[in-house]
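Please open the structure in the viewer and keep the selection panel at hand.

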Amino acid sequence: AVVSTQSTGLMTQLEIDAREITVDKENPDASFLDLHMYMTSALRKSDVKAVGLQIALELMHEKKNKDVITGLKARTKAGRPVWKEVFADLDKNKKGKVTVFFCGSPILAQVINNYCNQFGFRFKAEKF
């Protein structure tokens, strides 16, 4: 499929392309690429000050089937990721080899790399 990148961003295009490549014929919703987006400056759902905002974002995501913040189908999560839970979930649901691509601070790269080693995932870091 050809989609104009003028009307969609790179992440949207990646999400569209990933959905077109079905890895598991028995599970057409399975994708070879999972996007995990976090808004680290936002308060978590468990924080009383953020409950109203989180409920509104969830309702909008359910209604429009896309994230209000990014426009992606992948839901943006509020707060910092709990890496142990993220990697355990990836490990539980993996369908073959997992490679984690990372772009960010060298300190966080080391943390992510350690989790990749712990779970047997490949790690690729992009440095700018």
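Is Cys 116 buried or exposed? Select Cys 116: its relative accessibility is 1%, so this residue counts as buried, where buried means under 20% relative accessible area, exposed over 50%, and partly exposed in between (1.4 Å probe, protein chains only).

Before continuing, note that this is a predicted model, in which local features need pLDDT of at least 70 and side-chain atom pairs count only at pLDDT 80 or more, while totals for chains, interfaces and linings use all residues. Residues are numbered from 1 along each chain as its sequence is written, and side-chain values use heavy atoms, with hydrogens and water left out.

Next, select Cys 103, which is partly exposed because its relative accessible area is 48%. A disulfide is a covalent bond between the sulfur atoms of two cysteines. With a disulfide taken as a pair of cysteine sulfur atoms within 2.5 Å, the count comes to zero.

Now colour the model by pLDDT, the predictor's confidence in each residue, from 0 to 100. The protein has a mean pLDDT of 77, and 77% of its residues reach 70 or more. Over residues 1-8 pLDDT stays under 50, and the model has five contacts for them beyond four places in sequence, a contact being heavy atoms within 4.5 Å. Where pLDDT is low, the predicted coordinates should not be read in detail.

Select Leu 14 in helix 1 (residues 10-20). At 35% relative accessibility, Leu 14 counts as partly exposed.

Proceed to Asp 67 and Arg 75, whose side chains meet in a salt bridge at 3.7 Å, N to O. The term denotes a side-chain nitrogen of Lys or Arg within 4 Å of a carboxyl oxygen of Asp or Glu. The whole structure holds one salt bridge. Asp 67 is buried, at 3% relative accessibility, and Arg 75 is buried as well, at 18%.

Finally, select Val 86 in helix 3 (residues 83-93). Val 86 counts as buried because its relative accessibility is 12%. Leaving aside neighbours within four places in sequence, Val 86 is in contact with Tyr 38 and Pro 81. His 36 lies 50 residues from Val 86 in sequence and 9.0 Å from it in space, C-alpha to C-alpha.

Note on methods: Helices (H or I, at least four residues) and strands (E, at least two) are DSSP runs, numbered from the N terminus.
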